[in-house]
Amino acid sequence: MQSWTGMGEDFDHTLTVKAGESLAGRVAETGQALLFSSINGSEGVNRVSRFGFTRRSAIGAPIKMKDRLLGVIELANKKGSDGFDEDDLGMMQSSANQAAVAIENAQLYREVQKSYFDTIRALVQAVEETDKYTRGHSERVTTFSLKIAEKMDYGEKQLQTVRYAGVLHDIGKIGI
């Protein structure tokens, strides 16, 4: 589990669902969105969830990028007396498709950032190789700076800036 709502603070986020098991598992196995407008237990989906609440209705949709399953979104118990319907299922599948694009973009962004940082690090190492007295200096500056920034409760974006600054602080040596 990566995210959830309504399950309480002590919810076990390490929970896994096997393919074919429960609604989320069936969605993962088939790769298709599923709708249960009324759950009575005969569909292979238990009316009482493993978390102890009673499901009246439920929908689930795969979060897929191309043919790769990234996850599953599942909703239970539509507010009001009506169960979920085909319109809800369509809206959920649309949301799942948008989530897949957002997740893929975030992964690509992280990969670009890592590549950028690795390139900068390679340049700095090339500079440091010319002077045996400063070899590893930028890495040490980065390590100490990050430890100080973490103690100061910097956010992730600020830590990233410190990481870049630590590596780049002596880049001016290229011109010397």
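This passage describes the fold, the packing and selected residues of a single chain in a predicted model.

In this predicted model, local features need pLDDT of at least 70 and side-chain atom pairs count only at pLDDT 80 or more, whereas totals for chains, interfaces and linings use all residues. Residues are numbered from 1 along each chain as its sequence is written, and side-chain values use heavy atoms, with hydrogens and water left out.

The chain has 4 helices and 3 strands, where helices (H or I, at least four residues) and strands (E, at least two) are DSSP runs numbered from the N terminus. Read along the sequence, these elements follow the pattern α-β-β-β-α-α-α. Of the 176 residues in the chain, 26% are buried; buried means under 20% relative accessible area, exposed over 50%, and partly exposed in between (1.4 Å probe, protein chains only). Contact means heavy atoms within 4.5 Å. Among contacts between residues at least 6 apart in sequence, 47% join residues at least 24 apart.

Helix H1 spans residues 22-30, and its buried residues are Leu23, Ala24, Gly25 and Val27. These buried residues pack against strand S1 (34-36), strand S2 (58-65) and strand S3 (68-76). Just after H1, glycine 31 takes a positive phi of about 75°. In the segment before H1 lies lysine 18, which is exposed, with a relative accessible area of 61%. Lysine 18 and glutamate 29 are 11 residues apart in sequence, and their C-alpha atoms are 8.7 Å apart in space.

Leucine 34 belongs to strand S1. Not counting residues up to four places away in sequence, leucine 34 touches Leu23, Arg26, Val27, Ala58, Ile59, Gly60 and Leu89.

The largest nonpolar core has 9 residues in all: Ile59, Ala61, Ile63, Met65, Phe84, Leu89, Met92, Ala96 and Ala100. A nonpolar core is a set of buried Ala, Val, Leu, Ile, Met, Phe, Trp, Tyr and Cys residues joined through side-chain atoms within 4.5 Å. S2 and H2 are the elements that give two or more residues to this core. A second, separate core of 7 residues includes Leu23, Val27, Leu34 and Phe36. Leucine 89, a member of the largest core, touches Ala33, Leu34, Leu35, Ile59 and Gly60, not counting residues up to four places away in sequence.

Arginine 55 is found in the loop between S1 and S2. At 7% relative accessibility, arginine 55 counts as buried. The side chains of arginine 55 and glutamate 74 are joined by a polar contact of 3.2 Å. A polar contact is a pair of N or O atoms within 3.5 Å; within protein, one must be able to donate a hydrogen and the other to accept it, and residues adjacent in sequence count only if both atoms are side-chain atoms. Beyond residues up to four places away in sequence, arginine 55 touches Ile39, Val45, Asn46, Arg47, Val48, Ser49, Glu74, Ala76 and Asn77.

The axes of helix H2 (residues 86-129) and helix H4 (residues 156-168) come within 9 Å and cross at roughly 20°. Axes are lines fitted to C-alpha atoms, for helices over the stretch in contact, and angles run from 0 to 180 degrees between N-to-C directions. The crossing makes H2 roughly parallel to H4, a term that applies to angles under 35 degrees. In this contact, Gln113, Tyr116, Phe117, Ile120, Arg121 and Val124 of H2 meet Arg163, Tyr164, Val167 and Leu168 of H4. The residues of the contact divide into 7 nonpolar, 1 polar and 2 charged; Ala, Val, Leu, Ile, Met, Phe, Trp, Tyr, Cys and Pro count as nonpolar, Asp, Glu, Lys and Arg as charged, and the others, Gly among them, as polar.

Serine 138 has its place in helix H3 (residues 137-151) and is buried, with a relative accessible area of 3%. The contacts of serine 138, not counting residues up to four places away in sequence, are with Val124, Glu128, Gly166, Val167, His169 and Asp170.

Positive phi values also occur in residues other than glycine. Lysine 66, in the loop between S2 and S3, has a phi near 60° and is exposed at 73% relative accessible area. Aspartate 153, in the loop between H3 and H4, likewise has a phi near 60° and counts as exposed at 68% relative accessibility.

Methods. Angles under 35 degrees count as roughly parallel, over 145 as roughly antiparallel, 65 to 115 as roughly perpendicular and the rest as oblique.
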